[in-house]
Amino acid sequence: MIRAAIVDDEELARQILREYLNSEEDVQVIGESTNGFDAVKFVSERKPDLIFLDVQMPKLDGFEVLELIGTDIAVVFVTAYDQYAMKAFDAAAVDYLLKPFDAERFRVAMQRVRRRLGEKMQAVSASELKNAAQPPGQYAQRLVVKDGTRVHVIPVDQLDYAEAQDDYIALHTGGKSYLKQQTITSLSESLDPGRFVRVHRSFLVNLERVRNIEPYTKDTRLAILSNGAQVPVSRAGFVRLKELMGER
Amino acid sequence: MHPLLKSWKHVLQYLSVWTVLGAMLGFMLAVAGHFNLAETVAITAPITIALAVVCLSAWFVARSSPPGSISAWRVRFRMGIAAMFASAVVLAFAHVLAKALNVVFPGLEARFLPAVPVLGGMCWLLYLLSITLHHLWIAMERSKRAELLSRESELKALKAQVNPHFLFNSLNSISALTSVDPARARDMCIRLSDFLRNSLRLGERVSIPFAEELALLTTYLEVEQVRFGQRLRIAQDFDSGCADCDVPPLLVQPLVENAIKHGIATLVDGGEIALTGRRNGQNLRVVVENPFDPDAPATRRTGFGLVSVRNRLEARYGGAARLQIEVGDKTYRVILSLPCGGKEPEHA
């Protein structure tokens, strides 16, 4: 039995999915959500095998939800918008249904879902996927982090710095820090390079927070941030930092 | 016919320029031919009028060989030849004139001879100047027309835009309703068609009575109501005087569309869109207010709709219309203020 969840803020949009799903014998709808927050909470509590996900929703959009729930769930996007990079979804989202869609198209999506659930999930990190789906020239406005069943939303201008820790990154903001499963390279790529600098192999700082830079060892320096935090700066990082500071 | 001759005002302006040029010409002829004042006036005035008429023909020369159409040297060559013809005509006229004036002023014809090269040279130069001015004038007219055309086509494109996502989402709602509530599905088809038909029809017009914009808005909201259900609530309060204001079509509808997309749709429980319209003499003021989620990603709130409305107001009214945006903690307010092009209210 495939346990499915429907996430859409419009009642009628959920209605048609419910109707199509009812005629699939091996699928059971275990729940519905009307916004991104609920969806993330529901997924971590009930662990469905499959979710149908709208893109434009209150609280968190479909991309953010996808990023937070990981890829061990089959995701089918259902949206009226066709401009999102479908290429990226070919890699990890199982399918992309454009509203309105007919029963036949829906069955094609379900066949893909069964095939995907049959084999094991591809190991594409959801965060990398989100980066790939971002339109060129546009950078992330905010970062989302899941903490148990809670979701934190961090506007990027409130990010002080980020630090790589094994497979995770620690996002430091206003004296707190949040762990997120993502590489620092992929984080760095999603952010505006004019505002966030990779000052070290394991550190990324918000340029606006840098108060001054002090020598540390022969080759390295320390960036002192406005909240007093100290971030190591490598030689290559210092060159990048100086370039950007010079521009201001 | 030369476009200058279409208006008396322009003809008078043209002649007043020639009065000055004629005075200069008279001075030069008087010096060259040792004429007294009466003789100078008698000979210069007709020649000046003849020149003024001949120089209008430069329009045809300028029009037949606009710069850029053929090589610069060929343009100059043609200009030179045309100017020579023009001065030959004027000189022939002057010759006949001098002969005739000889009766009134004895010896004038003989004294006119040394003035001939001066007159010929002046005619040639003035004619060249006339062609050049005509060239400039034609170029200016052309760029003015091009600007007007591009603005017009831009406005047309802006007006024609019905948001495709609105359409697809509405069709999806209809698709869902067909099995659970066929009557409502049909109803929504009709409303959606009404909205599309009316927005196409109204979009073609330059101005519509505000009442028609409101009717279109109502149809639009009925369609959206089906999609959003209880999440979308509307409060309307319009003065009776607003109805017969003349406004550009589809000016308020995009604002309400924004209020839904960036406001209501970002809220789990939706909210109320408050629409108010006030007529104050010849001024119409429309306010669209909606709640929004301040934590929603910022990119969602900067729509193309506002820019397009602002551009259209600017193109149509210049500084006389305004679009103000007030962003509160949880409410977003757009204030539209524009001249009311319609009839005076009856009890003003």
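This is a predicted model: local features need pLDDT of at least 70, side-chain atom pairs count only at pLDDT 80 or more; totals for chains, interfaces and linings use all residues.
Me: Which residues of chain A lose the most area to chain B?
Reply: The contact takes 24 residues from chain A and 27 residues from chain B. On the chain A side, three residues together make up 27% of what that side buries. They are A:Glu10, A:Leu12 and A:Pro100.

Me: Which residue of chain B meets the side chain of A:Glu10 in a salt bridge?
Reply: The count between the two chains is 2 salt bridges. In one of them, N to O is 2.6 Å, within the 4 Å cut-off. The partner of A:Glu10 is B:Arg227.

Me: Which helix gives the most to the side of chain A that touches chain B?
Reply: Across the interface, 4 residue pairs are in polar contact. One helix, spanning residues 11-22, supplies 5 residues to the chain A side. That is helix α1 of chain A.

Me: Which strands of the chain A sheet stand at the edges?
Reply: The open sheet has 5 strands, paired parallel in the order β2-β1-β3-β4-β5. Each edge strand has a single partner, so one side of it is left without a neighbour in the sheet. The edge strands are β2 (27-33) and β5 (95-98).

Me: Which residue in β5(A) stands opposite A:Phe77?
Reply: Strand β4 (residues 74-79) of chain A runs parallel to β5(A), joined by 4 bridges. Opposite A:Phe77 stands A:Tyr96.

Technical notes
Residues are numbered from 1 along each chain as its sequence is written. Chains are lettered from A and ligands numbered from 1 in the order in which they are written. Side-chain values use heavy atoms; hydrogens and water are left out. Contact means heavy atoms within 4.5 Å. Buried area is the accessible area (1.4 Å probe) that two parts lose on being put together, summed over both. A polar contact is a pair of N or O atoms within 3.5 Å; within protein, one must be able to donate a hydrogen and the other to accept it, and residues adjacent in sequence count only if both atoms are side-chain atoms. Helices (H or I, at least four residues) and strands (E, at least two) are DSSP runs, numbered from the N terminus. Two strands pair if DSSP finds at least two bridges between them.
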